[in-house]
Amino acid sequence: MSTSPAAPIAPREQAFRGALLHFLGDPDELGDSAHEHFDDGLLVLHDGKVAAAGAARALLPGLPDGAEIVDYSGKLIMPGFVDTHVHYPQTDIIAAYGEQLLEWLERYTFPIERRFADPEYAREAADFFLAELLRNGTTTALAFTTVHPQSTDAFFTAAQGRGLRMIAGKVMMDRNCPEFLRDTAESAYTDSKALIERWHGKDRLLYAVTPRFAPTSTERQLELAGRLLDEHPGVYLQSHVAENKSEVAWAAELYPWSRSYLDVYDHFGLLRPRAVYAHCIHLDAADRERMGETGAAMSFCPTSNLFLGSGLFDLDAAKRHRVRVGIGTDVGGGTSLSMLRTLDEAYKVAQLRGQRLSPLRAFYLATLGSARSLYLDDKIGNFVAGKEGDFIVLDLAATPLMARRVVNTADLVERLFVLMMLGDDRSVLATHVMGRRASARSSP
């Protein structure tokens with residue numbers, strides 16, 4: 001049994017005062033009307049869900065007697081970050097030196113994932129991983145587990161105990177991997193089906209069918225992945241595509257009949273709404289157009305792409321083809337669970353591409369944009385009434401350097417840029433889940 005703490009029920013009426021920022025749409029499309037910002041704001045929750053968000057002076061008089069009021073004046077309250085691609089078992093190999101993707105999998109990833117056959121190891125790793133997510137301000141993630149069903153049970157048990165909105169799935173992998181991590185097409189289907197029935201839609205948990213990537217699945221396994229999606233409407237699909245040029249060439253050898261790497265997934269019905277593909281670097285215009293047509297989403301994983309030398313994500317091309325894009329930390333190829341550190345690297349990737357990622361669009365992508373890529377923007381991602389009350393409290397003066405630099409900013413956009421370039425886990429003062437404080441920064 002997991003020792004994750006049970007999630008207590010939040011008080012019926014809560015109000016949180018501080019500067020508020022959230023997004024109603026994409027700043028690249030809506031301009032200044034895409035966001036709402038209140039220097040002195042109030043976020044009001046009823047039974048853990050948003051009742052109102054706006055100016056404190058307008059909302060304070062309407063609070064009922066007995067409402068819990070928490071004062072975060074001087075801090076910035078935002079919706080919780082949403083991580084659209086991460087591997088919880090790879091926490092223990094973050095910052096593993098010296099390899100590119102395929103060699104890195106063989107040298108580091110597969111050996112550590114073997115340990116998740118042990119339910120106790122998986123339980124402890126899941127507890128640590130989720131605590132780290134919360135400490136970094138991430139309240140929802142789309143996560144890979146391992147090939148072992150018990151690793152998925154451990155993750156969901158830990159997430160359920162914390163009351164989190166999480167999506168995860170057992171890795172499907174029946175070739176081109178070590179025997180100790182290999183399932184079969186039929187066993188992966190059977191195990192995944194049982195996990196879907198056990199976890200999907202339970203409390204705030206959702207399931208993702210998870211073929212690791214096309215080179216480690218046979219055609220039969222990909223066919224059965226599509227069957228699982230057809231049999232269980234609302235279930236997600238997560239995988240990788242076109243991360244590394246050697247990987248793309250390998251996929252072409254294994255699937256010589258396919259027009260492209262992405263076309264392999266399309267052939268088996270795996271491009272559709274709630275399908276999320278990490279990386280999507282080495283795609284052509286036809287691939288991107290197809291992702292836009294089908295409603296599949298891309299997860300932009302800048303720290304991983306730079307660390308493994310994979311390439312530079314083309315954010316402007318995704319926008320031209322109307323593809324949904326979210327941000328992924330991709331730990332352990334990624335080098336931080338902090339969305340702030342990830343946005344820092346996303347900005348630099350755009351710069352190297354000759355593109356511009358504004359601070360407003362960066363924070364949109366880390367919140368509402370990522371929620372949209374997961375088709376969860378009806379539940380999370382901003383402070384519209386009725387949304388689930390997952391939010392974070394950010395300290396723009398968390399370090400001496402930030403405190404000095406933010407004094408010399410002229411407006412919100414400049415302050416956000418300082419936050420995304422200089423901020424990290426120290427900038428997250430508190431993380432709230434459905435109104436309950438789930439993580440708080442220790443005093444120095």
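Trainee: Does Arg356 count as buried or exposed, and at what relative accessibility?
Mentor: This is a predicted model, and Arg356 sits in the loop between helix H13 (339-352) and helix H14 (359-373). A residue is exposed when its relative accessible area is over 50%. Arg356 therefore counts as exposed, at a relative accessibility of 73%.

Trainee: What distance separates the C-alpha atoms of Arg356 and Leu315?
Mentor: Along the chain, Arg356 and Leu315 are 41 residues apart.

Trainee: Which term describes the packing of H4 against H5?
Mentor: Helix H4 (residues 119-135) packs with helix H5 (residues 149-162) at an angle of about 40°, their axes being 8 Å apart. Angles under 35 degrees would count as roughly parallel, and those from 65 to 115 as roughly perpendicular. The arrangement of H4 relative to H5 is therefore oblique.

Trainee: How do the residues of the contact of H4 with H5 divide?
Mentor: On the H4 side, the residues include Ala122, Phe129, Leu130 and Leu134. They meet residues of H5, among them Ala154, Phe155 and Ala158. The contact divides into 11 nonpolar, two polar and three charged residues.

Trainee: Which residues touch the most other members of the largest nonpolar core, and which element gives the most to this core?
Mentor: The largest nonpolar core has 115 residues, and Tyr277 and Phe363 touch the most other members. The element that gives the most to this core, with eight residues, is H4.

Trainee: How many residues form the other core, which lies apart from it?
Mentor: Leu43, Val50, Tyr72 and Leu429 are among the members of this other core. Its number of residues is 13.

Note on methods. Residues numbered from 1 in each chain as written. Predicted model: local features only at pLDDT ≥ 70, side-chain atom pairs only at ≥ 80, totals over all residues. Heavy atoms only, no water. Axes fitted to C-alpha atoms, helices over the stretch in contact; angles between N-to-C directions. Helix = DSSP H or I, 4+ residues; strand = E, 2+ residues; numbered from the N terminus. Parallel < 35°, antiparallel > 145°, perpendicular 65-115°, else oblique. Contact = heavy atoms within 4.5 Å. Nonpolar A, V, L, I, M, F, W, Y, C, P; charged D, E, K, R; others polar. Core = buried A, V, L, I, M, F, W, Y, C linked by side-chain atoms within 4.5 Å. Buried < 20%, exposed > 50% of the residue type's maximum accessible area, 1.4 Å probe, protein only.
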